[in-house]
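Dear colleague,

Please find below the structure I am handing over to you. My findings follow it.

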Amino acid sequence: IRLVHITYISGLKMHPDFVSLCAGVSVPGIRFVVCGNGRAPYHIHEQASQLGITDKFELCGYVEDIHSILQVLDVYGYPLCEDNYSGSELNLQEVMSAGIPSVVFRSGGVASLVVNGFNGFVVSSPREYQEAIEYLFHHPEERHRMGENARFFARQMFSHAEAGNTFNTIYTKLL
């Protein structure tokens with residue numbers, strides 16, 4: 001099995017030690033598929049080169065249709081910096097809808113979408129992040145269970161009916 005890890009790049013949101021986080025994950029054959037544009041891919045390549053791990057990274061640039069990427073993912077690692085401005089990230093919603101468990105840090109709005117141990121892991125430290133990815137690699141049945149839970153959660157929380165109910169409640173309060 002190849003564990004694939006992905007993040008969307010934003011120099012403002014990405015964990016400052018992203019490449020080091022990846023380097024510390026001990027999983028044979030791991031590939032870090034990174035999507036996004038800007039200057040971040042250059043910095044990732046440069047840092048990975050310094051650590052001698054460029055072969056573990058696949059820098060895709062901007063991806064218009066993420067479906068082809070989601071088809072090969074086993075785990076979605078989304079390590080954001082401590083003071084990120086994330087809310088309910090659409091990319092995380094897409095990943096969850098595809099049935100992929102996520103590993104996120106406790107800071108920012110993404111932590112409210114991942115229920116620790118149910119549809120992924122919410123971690124507090126770089127080591128916990130690495131251990132969570134390693135755990136999901138070594139426990140494929142848990143990875144599958146959490147992925148199915150992520151799909152179920154996404155269908156419940158992000159459905160048209162749920163969005164409609166939420167907007168109706170907001171508009172009723174406003175009126």
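Y78 stands opposite V104 in strand β5, in a predicted model in which local features need pLDDT of at least 70, side-chain atom pairs count only at pLDDT 80 or more, and totals for chains, interfaces and linings use all residues. Residues are numbered from 1 along each chain as its sequence is written, and side-chain values use heavy atoms, with hydrogens and water left out.

β4 and β5 (residues 102-105) pair in the parallel sense over three bridges; two strands pair if DSSP finds at least two bridges between them. Helices (H or I, at least four residues) and strands (E, at least two) are DSSP runs, numbered from the N terminus.

The open sheet holds three strands in the order β4-β5-β6, with parallel pairing. β4 (76-78) and β6 (120-123) are at its edges with a single partner strand each, so one side of each has no neighbour in the sheet. From one strand to the next, the twist averages 10°.

Helix α4 packs on this sheet and touches β4 and β5, its direction making about 160° with that of β4. Axes are lines fitted to C-alpha atoms, for helices over the stretch in contact (heavy atoms within 4.5 Å), and angles run from 0 to 180 degrees between N-to-C directions. Within α4 (residues 90-97), N91, L92, Q93, V95 and M96 are buried, that is, under 20% relative accessible area with a 1.4 Å probe, protein chains only.

Overall, the protein chain has seven helices and six strands, and buried residues make up 47% of its 175 residues.

With kind regards

Terms used. Buried < 20%, exposed > 50% of the residue type's maximum accessible area, 1.4 Å probe, protein only.
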